[in-house]
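This briefing covers side-chain contacts and surface features in one predicted model. The points are grouped by topic.

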Amino acid sequence: GYDVKVIVDMSEYDFSDVVNNISGEGGMNQFYWGNGFKIGKHLRAGFDATLILGEGRRSSMVYFPDSLLIFGVKALTKTRSGDFIFDYGLQYDIPFKDGKMLTLGLVYSNTFYINAKREAVSYTLLGGFDDAVENPIDTIFHQAETKGLIILPDHIGFGFMYRNSNSWLIGADFEWQNWSKFESFGHSDSLDDAWRIALGGQYTPKHTSISSLFSRMSYRLGFRYTNSYLSLLGHPIDEYGISFGFAFPMKKSRTGIDLAFEYGQRGTTKDNLIQENFFNISLGVSIFESWFHKRRYR
């Protein structure tokens, strides 16, 4: 979802300004299934199989707001895609004599070539801006739906978690993706390689069934920073977030309710760009139960 208006100053040619209005909408939906396997005493391996489905629509219109008798040009592109991608992961535990544990993790996703379909049309028009009615004049280009590939670049991440039984834990993650290698239907884009770092911790005062709720609760604090794949006017569009939350345990069970709050900022105000401040609230349920046990006695 974006809407960008680029104004080209034509005063040196004794002509009115030219405007290019670029907008996009749509998105991708993900349906995934993940599984993990224990290999030996301390090693685990897992994967996610993800089905990606979605549609994106892009519009680019060039017009002359001070010259009502000059035709503008509008180009519309619609892209639909659907395919499977896979992520792989490893975890390894390093136990210490005092009961503490260090867990190391690694995730990886190779380059994927996603099947997609695209159609495009361009036409001249009058109006279509500043609430004026759009009046198409003539089609100047039309491309029926064609098949192609979207290249999703490889991605790697690693991290660690150091914990002391049910009392406390700290962890960090780092991820990197090669977005400069992204392509759509044979064309690259002006994207940068992106990376993300996250730090966090959790503290549980006293995890016993007879303790008070406030002692059994887990208190969480985290920070993340993302250097995104976007750069506008030479400025990287980065993002950061600070979060805190709580885990409310159920009596005589490991099942809990998770509540979290996050404040963050995205973008910059340099060169008249946009900076966003956001606040997120999330609520979840973590279920840790043992089901479908065979009865040993009758």
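β4 (72-95), β5 (100-109) and β8 (155-164) each supply at least two residues of a nonpolar patch.

**Nonpolar surface patch**

- With four residues, β4 gives the most to the patch.
- Tyr108 is placed in strand β5, and its relative accessibility of 37% makes Tyr108 partly exposed.

**Nonpolar core**

- The largest nonpolar core has twelve residues in all: Ile52, Ile85, Phe112, Ile114, Ala116, Ile150, Leu152, Trp179, Phe182, Phe185, Leu191 and Ala194.
- Strands β6 (112-126) and β7 (135-152) each supply at least two residues of this core.
- β6 contributes the largest share of this core, three residues.
- In soluble globular proteins, nonpolar side chains tend to be buried together.
- Phe185, one of the core residues, has Arg118 over the face of its ring, at 4.3 Å from the ring centre.
- Strand β7 also contains Gln143, which is partly exposed with a relative accessible area of 25%.
- From Gln143 to Gly186 the C-alpha to C-alpha distance is 16 Å, and the two residues are 43 apart in sequence.

**Aromatic pairs**

- The count of aromatic pairs comes to 16.
- Phe244 and Phe246 form an edge-to-face pair, with 6.4 Å centre to centre and 85 degrees between the planes.
- Phe244 has a relative accessible area of 42% and is partly exposed; Phe246 is also partly exposed, at 23%.
- The rings of Phe261 and Phe279 are stacked, because their planes are at 25 degrees, with the centres 6.3 Å apart.
- This pair links distant parts of the chain, 18 residues apart: Phe261 is in strand β15 (residues 256-267) and Phe279 in strand β16 (residues 275-286).
- Phe279 counts as exposed, at a relative accessible area of 51%, because the cut-off for exposed is over 50%.
- One aromatic cluster is formed by Tyr219, Phe244, Phe246, Phe248, Phe261 and Phe279.

**Salt bridges**

- The salt bridges number 13.
- Asp93 and Arg44 meet through their side chains in a salt bridge of 2.8 Å, N to O.
- Because Asp93 lies in strand β4 and Arg44 in strand β3 (residues 43-63), this pair ties together parts that are 49 residues apart in sequence.
- Asp93 is buried, with a relative accessible area of 8%, whereas Arg44 is partly exposed, with 26%.
- Arg224 forms a salt bridge with Glu239, and their closest N and O atoms are 3.0 Å apart.
- Distant parts of the chain, 15 residues apart, are linked by this pair: Arg224 in strand β13 (residues 218-232) and Glu239 in strand β14 (residues 235-249).
- Arg224 is buried at a relative accessible area of 16%, and Glu239 is buried at 17%.
- Between Arg266 and Glu276 there is a salt bridge with the closest N and O atoms 2.8 Å apart.
- Arg266 lies in strand β15 and Glu276 in strand β16, so the pair ties together parts that are ten residues apart in sequence.
- Arg266 is partly exposed at 30% relative accessibility, and Glu276 is partly exposed at 39%.

Technical notes: Residues are numbered from 1 along each chain as its sequence is written. This is a predicted model: local features need pLDDT of at least 70, side-chain atom pairs count only at pLDDT 80 or more; totals for chains, interfaces and linings use all residues. Side-chain values use heavy atoms; hydrogens and water are left out. Buried means under 20% relative accessible area, exposed over 50%, partly exposed in between (1.4 Å probe, protein chains only). Rings of Phe, Tyr and Trp (its six-membered ring) pair if their centres lie within 6.5 Å; planes under 30 degrees apart count as stacked, over 60 as edge-to-face and the rest as tilted. A charge sits over a ring if NZ of Lys or CZ of Arg is within 6 Å of the ring centre and within 35 degrees of the ring normal. A nonpolar core is a set of buried Ala, Val, Leu, Ile, Met, Phe, Trp, Tyr and Cys residues joined through side-chain atoms within 4.5 Å. A salt bridge is a side-chain nitrogen of Lys or Arg within 4 Å of a carboxyl oxygen of Asp or Glu.
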